[in-house]
Amino acid sequence: MIEITIEDSTGKQTILDIPTDINLSLMEVLKAADYAILATCGGIALCATCCVQVVKGMERLLPPNNSEMDMLDVLPNANQSSRLACQLRINKEMDGMIFRIAGKD
Amino acid sequence: MLEINTDICIVGAGPVGLFAVFEAGLLKMRCHLIDVLTQVGGQLTEIYPQKPIYDIPGYPEISAQELIDKLMKQIKPFQPGFTLGERVETVTSEPDSSIIVKTNNTTIKCQALVIAGGLGCFEPRKPNIDRLIELEGKGVAYMIKDPEMLRDKEVVIAGGGDSALDWALFLTPIAAKVTLIHRGDTFRGVPDSAEKVFRLAKDGKINLILQSNIIALNGDEHLQSVSVLAGNNALTTIPADYFIPLFGLSPKLGPIAKWGLDIDKSAIEVNTVDFSTNIDRIYAIGDINTYPGKLKLILCGFHEAALMAQSAFKYVYPDKKLSFKYTTVYGIPSF
């Protein structure tokens, strides 16, 4: 079990306890936790509605693959701490990380 | 304007829209498909044709393109019509309850409409910039249809992807001045294009502004300038006749959102009895619909198509009684 902190668009922080063996992406976890994320494309780095800002722990994530990087390249409001939650598979290295929800419709 | 009369009009020619032709065909209902893309297959053909799919019953593994090819073969006996490369703009009801579906070039009269639009249409992503929407068509353009329109004009392009680089290079010899504004300081796009842009910037032929964002557009009847905020908080104004934001495409419902359908989080709400919407004679199947327990899977869309066809039968053949038949017993009828 790991703890991840999620900050919503109002700034409210919530800690999620997540089993590390669930084999889900952060996007799927956020949807399961009832965050209003559209995830229109279903997880193929195509819509960017699951975009998050990594507030703490960026160095613990694997670098973005090409399709995620292509999307982050064109997003108007993305920056160095932006990632697509659909491309982040939950693993034990993510314990203690903080993410801010940044995706828009 | 081309006019077509059919039993069922299907918006979206992805796997679920294609299979709907088969299920309708079994009940002797003719179908016409419309898709904004110029080929059938939806996202399978457009985005990941070579990707393997593992959850199609009976196929331990099948490539996306192969699945589409097989669906096309499967529906061939039913001779569906296709309107490709056109987007449905309006849907209206006739006094006799039939439905009129219109693109910019085609009018289709049908007895039932099936929306199998998948992710929706891909539309340009709009950045959050003051007065952007207001100045659309008055200097703001998301795509360049006629580059000649930009001849000898001052053009500002924003974005950091391949298309921003390519258009900056293409327009440099045409426009009076091209300014490329990027929020980062590097381009990950095709290295050759990035190198050319940096070289042209060094030679003073492209005005390249890095680590900066456009925050406002200025002008009354037409765009006159853009306000640019640099990373060091310096605010500058750059004269501009045209502003072209190139921030990629994002899937949207598009005109579907304006047809009076009940929508929840960009998906069409349906009744799971027959996948009908809140409007009589309009159904929604596949990734574009939503209901409790919805799974965005091709196989779920196939199931939805079968139930939809059974329900739509009453609109196409109001005087006939529907009898359920197995293909193993009766084979495949054809037109």
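Predicted model: local features only at pLDDT ≥ 70, side-chain atom pairs only at ≥ 80, totals over all residues.
Let me start with chain B, for which the model has seven helices and 23 strands, and whose C-alpha trace spans about 75 × 50 × 35 Å along its principal axes. Of the 335 residues in this chain, 40% are buried. If we take the contacts in chain B between residues at least 6 apart in sequence, 62% of them join residues that are at least 24 apart.

For helix α1 of chain B, residues 15-26, and helix α6 of chain B, residues 298-316, the angle is about 35 degrees and the axes are 8 Å apart, and the crossing is right-handed. On the α1(B) side the contact is made by B:Pro15, B:Val16, B:Phe19, B:Ala20, B:Glu23 and B:Ala24, while α6(B) contributes B:Ile298, B:Gly301, B:Phe302, B:Ala305, B:Ala306, B:Met308 and B:Ala309. By class, the residues of this contact divide into 11 nonpolar, one polar and one charged.

Turning to the two chains together, 15 residues of chain A are in contact with 16 residues of chain B, and the side of chain A that touches chain B has 10 nonpolar, three polar and two charged residues.

Why does B:Ser250 count as buried? The reason is that B:Ser250 has 24 C-beta neighbours inside 10 Å, where 20 or more are needed. Leaving aside neighbours within four places in sequence, B:Ser250 is in contact with A:Cys47 and A:Ala48 from chain A, and with B:Phe122, B:Glu123 and B:Arg125 from its own chain. B:Arg125 lies 125 residues away from B:Ser250 along the chain, and yet their C-alpha atoms are separated by 5.6 Å.

Finally, in chain A, what do the buried residues of α2(A) pack against? Helix α2 of chain A covers residues 66-74, with A:Met71, A:Leu72, A:Asp73 and A:Val74 as its buried residues, and these pack against β4 of chain A, residues 82-84.

Methods: Residues numbered from 1 in each chain as written. Chains lettered and ligands numbered in written order. Buried ≥ 20, exposed ≤ 12 C-beta atoms within 10 Å, placed from the backbone. Helix = DSSP H or I, 4+ residues; strand = E, 2+ residues; numbered from the N terminus. Contact = placed C-beta atoms within 7 Å. Nonpolar A, V, L, I, M, F, W, Y, C, P; charged D, E, K, R; others polar. Axes fitted to C-alpha atoms, helices over the stretch in contact; angles between N-to-C directions. Left-handed = near helix turned anticlockwise from the far one by under 90°.
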